[in-house]
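Please look over the sequence and the model, then read on.

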Number of protein chains: 2
Amino acid sequence: MTEIEVLPDAAVLIDGERITWVGPRREAGGLHSAFRIPRSALDVVEVTGVLLPGFVDCHTHAVFGAPRLDDHQRRALGMDYRAIAAAGGGILESVRDLRARPEAELIELTRGRIRTLLSHGSTTIEVKSGYGLTLETELKQLRVVRELAASEPVSLTATLLGAHEVPPEFRHRRAEYVRLLCDEMIPAVAQAGLAGACDVFCEPGVFSVTEARAILTAAQRCGLGVKLHADELQGSGGAELAAELRALSADHLTGISDAGIRALAASPTVAVLLPVTMIFLGSGRQAPARQLLEAGAALALASDFNPGSSPAVGLPLVMALAVSQLGLRHAEALNAVTVNGAAALGMAADRGQIAPGFRADLVLCDVSDWREVAYWVGGNPVTAVWTGGSACRLLPGPVSLGRHVPT
Amino acid sequence: MTEIEVLPDAAVLIDGERITWVGPRREAGGLHSAFRIPRSALDVVEVTGVLLPGFVDCHTHAVFGAPRLDDHQRRALGMDYRAIAAAGGGILESVRDLRARPEAELIELTRGRIRTLLSHGSTTIEVKSGYGLTLETELKQLRVVRELAASEPVSLTATLLGAHEVPPEFRHRRAEYVRLLCDEMIPAVAQAGLAGACDVFCEPGVFSVTEARAILTAAQRCGLGVKLHADELQGSGGAELAAELRALSADHLTGISDAGIRALAASPTVAVLLPVTMIFLGSGRQAPARQLLEAGAALALASDFNPGSSPAVGLPLVMALAVSQLGLRHAEALNAVTVNGAAALGMAADRGQIAPGFRADLVLCDVSDWREVAYWVGGNPVTAVWTGGSACRLLPGPVSLGRHVPT
């Protein structure tokens, strides 16, 4: 993870959606003959800056209605999550909002937010459901992702997170909700092809390790990849379960135990860290990133973009905070949002590198040194983005976060 | 500080550089007759979004050469400030860079960075010297500020921070450097009119309270306002000294003592908090903002924009972190970068409010609810900026942080 190959004066040859050659610019002149490309078919784009692989944001909850502004202030004034829930906030506020909001409105709100993430360099974005918590509303959320995947120049991968929270109507019969997930929701989503993976919020007070194992095993039986929100605040065996199931990723991990670290290091499961979340929640803690790295775990970073605990619109800030707060090297931070972000989605052979055969997702940054992408805080260094070989129209100027109306 | 007046469908009348009227849009139709303005002289601009007072960034070190990328990573890997200094980093790295770099190059580097801050809504920016530490190079840094104040559409106020660090050539005769500051540098800067205030980095290991008192008293004799970097990591009487001197502001304050809090609360001195800095330095600590507020201190927020401990390019992120990390209400965060930011520069009667008589510095944000400006993390909600009544050309699209070359 500490290795980055920097080519100072480079050229990239793209054919269709794929990269076919990367090398020194002085060698690019002969490419048309080497690759038997007629000169007239060659479209040359000269750029200055630092060209990076498109960023992979492997953990977001990008489909939601209104931002949870009240929760932000309640937490600032010292309310804990129980008091916030009692006051009408928390995840269930977003659930009520999403259930009530028309699909077309969710599509347009999410479109603005996805474009914002893309403008900050994220060319592949995982999007979880989890604000519906009924079969119909989880499907609605996943259809929003499908619609935007088809109409926006960005790769979206959908994950079913029906086990984000026990819905209020099942509060006193949680076993029934787990059965509903296993027997109806997961098979229906898998059959509709609306998600490639299934995730569970595994944490004391949300879903237990036993419940998570049942849900994720059901998902694997239906052919879905599995992921876990694990050990976010305390170590409860979530990371160990992820390793046992050979999950794509175990995410959060602020409270991971030593046994959990060892389990992840010995598994193919990627540890996904979300440094903005702990900061936005007002905590001074972070996941033990260096211990994970030193143990040999693969580490990715993501935004956790969501209305409650991380309204973070891009990965450059996540990278800078990963250096400052998680103790990563700049190279580790960059690898964590490219190669390893792709690995956390099972796409490491396809994207996350500027190399022949890889998808031509590229990000141009207006900086002198590539490390600056993981250094400046709160700005956007991205000046151009290509996905699948095509230049994207970025948001003109500042970022639109989507104008919303209350439900 | 908790009060914000929100006008839902408002109009602002500007005459030259000043605001002359604010009120409901439905009352704006009669303004031309009420103010005896010929209809033909009225230039109407319709905008949608949230219009805020221009932000006042009352603490930056915006004139510098290269970003200190190595320091960022050294700190991530566990080096403390002594080890970083021994490796060639720290403030003295920026001092060597600034001393060697031609003034014209500093002007262009700083121009890009000031435009970036402006694009994020900062219409008034305090800029400190402190990377020269000789009379000639401190003057060079302050001339950069004067040149940009004259040529960019933003208000810049310069502060002499000759007491940022003891320069290496005075390491073993620090009393001589304090005398040089008091007897030569401060009078020369005041006489040249190149700074309105003087600041001292008052912290154990940098300048003591006794040295800071001598320097700031000399500054007051020369007619300069005074400010203090106080109690950044430990309480050493810096806040008390600021109150004793009736300083414009005491800044940082992570380690402020209870006595310091009481002293500031009983004084006109503004407490300036810099939440990005502690995060960028990898700390989990923050200044006791709520204790300061509850004691009755006036509180402002700033970016601390500098290459070593806070490469933070705008105040929206600072506001969001202030809510999350300092426990501020959204209204307190907004007041802290407008009214109180202006107070920390002695300009509270002139800017920081959308009110008749105030300077027409305005920021338009593409959000539905004003609180979102202090909520989304890492994006830029600002879509338009007016300074002194004139629309600014913002950076086209993403932000330019200035392409630099090594010295």
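Is α2(A) largely enclosed by the rest of the structure or largely open? This is a predicted model, and in it six of the eight residues of α2(A) are buried, so the helix is largely enclosed by the rest of the structure.

**Helix α2 of chain A**

The buried residues of α2(A) are A:Leu69, A:Asp71, A:His72, A:Arg74, A:Arg75 and A:Ala76. They pack against elements of both chains: α3 (81–86), α4 (91–100) and α11 from chain A, and α13 (315–326) and α14 (330–336) from chain B. After α2(A) comes A:Gly78, which has a positive phi, near 100°.

**How the two chains meet**

The contact between the chains involves 61 residues of chain A and 61 residues of chain B. The size of an interface is often given as the accessible area lost when the parts come together. For chain A and chain B the area buried between them is about 5,000 Å², with 59% of it on carbon and sulfur atoms.

There are 24 residue pairs in polar contact between chain A and chain B, counting pairs with both residues at pLDDT 80 or more. On the side of chain A that touches chain B, at least two residues each come from α2 (69–76), α11 (275–280), α13 (315–326) and β13 (382–387) of chain A. The element that gives the most to this side is α13(A), with six residues. By residue type, the side of chain A that touches chain B divides into 29 nonpolar, 22 polar and 10 charged residues.

How is chain A laid on chain B? A turn of 180° with a shift of 0.0 Å along the axis does this, at an RMSD of 0.0 Å. The two copies are thus related as by a two-fold rotation axis. Of the interface residues of chain A, 100% are also interface residues in chain B, so the copies meet through the same surface.

Side chains of opposite charge can pair when their charged atoms come close. Between chain A and chain B the count is two salt bridges. A:Arg371 forms a salt bridge with B:Asp70, and the closest N and O atoms of this pair are 2.8 Å apart. The side chains of A:Arg371 and B:Asp70 are also joined by a polar contact of 2.8 Å.

A:Arg371 is placed in the loop between β12 (362–365) and β13 of chain A. Not counting residues up to four places away in sequence, A:Arg371 touches A:His330, B:Leu69 and B:Asp70.

**Salt bridges in the whole structure**

Over all chains, a search of the whole structure finds 56 salt bridges.

|---|---|
| B:Arg101 and B:Asp97 | 2.7 Å |
| B:Arg174 and B:Glu211 | 2.9 Å |
| B:Glu332 and B:Arg329 | 3.0 Å |

Which parts does the pair of B:Arg174 and B:Glu211 tie together? B:Arg174 lies in helix α7 (residues 174–192) of chain B and B:Glu211 in helix α8 (residues 209–221) of chain B, so the pair ties together parts that are 37 residues apart in sequence. B:Arg174 counts as partly exposed, at 30% relative accessibility, whereas B:Glu211 is buried, with a relative accessible area of 17%.

In the pair of B:Arg101 and B:Asp97, B:Arg101 counts as buried at 1% relative accessibility, and B:Asp97 counts as buried at 9%. As for the remaining pair in the table, B:Glu332 is buried, with a relative accessible area of 3%, while B:Arg329 counts as partly exposed at 27% relative accessibility.

Salt bridges also link several residues of chain A in a network: A:Glu17, A:Arg18, A:Asp350, A:Arg351, A:Arg359 and A:Asp361.

**A:Gly196 and its surroundings**

Where is A:Gly196 found? A:Gly196 is in the loop between α7 (174–192) and β7 (197–202) of chain A. Leaving aside neighbours within four places in sequence, A:Gly196 is in contact with A:Ala158, A:Leu224 and A:Gly225. From A:Gly196 to A:Ser236 the separation is 40 residues in sequence and 26 Å in space, C-alpha to C-alpha.

Notes. Residues are numbered from 1 along each chain as its sequence is written. Chains are lettered from A and ligands numbered from 1 in the order in which they are written. This is a predicted model: local features need pLDDT of at least 70, side-chain atom pairs count only at pLDDT 80 or more; totals for chains, interfaces and linings use all residues. Side-chain values use heavy atoms; hydrogens and water are left out. Contact means heavy atoms within 4.5 Å. Buried area is the accessible area (1.4 Å probe) that two parts lose on being put together, summed over both. A salt bridge is a side-chain nitrogen of Lys or Arg within 4 Å of a carboxyl oxygen of Asp or Glu. A polar contact is a pair of N or O atoms within 3.5 Å; within protein, one must be able to donate a hydrogen and the other to accept it, and residues adjacent in sequence count only if both atoms are side-chain atoms. Helices (H or I, at least four residues) and strands (E, at least two) are DSSP runs, numbered from the N terminus. Ala, Val, Leu, Ile, Met, Phe, Trp, Tyr, Cys and Pro count as nonpolar, Asp, Glu, Lys and Arg as charged, and the others, Gly among them, as polar. Copies are superposed by least squares on the C-alpha atoms of residues with pLDDT of at least 70 in both. Buried means under 20% relative accessible area, exposed over 50%, partly exposed in between (1.4 Å probe, protein chains only).
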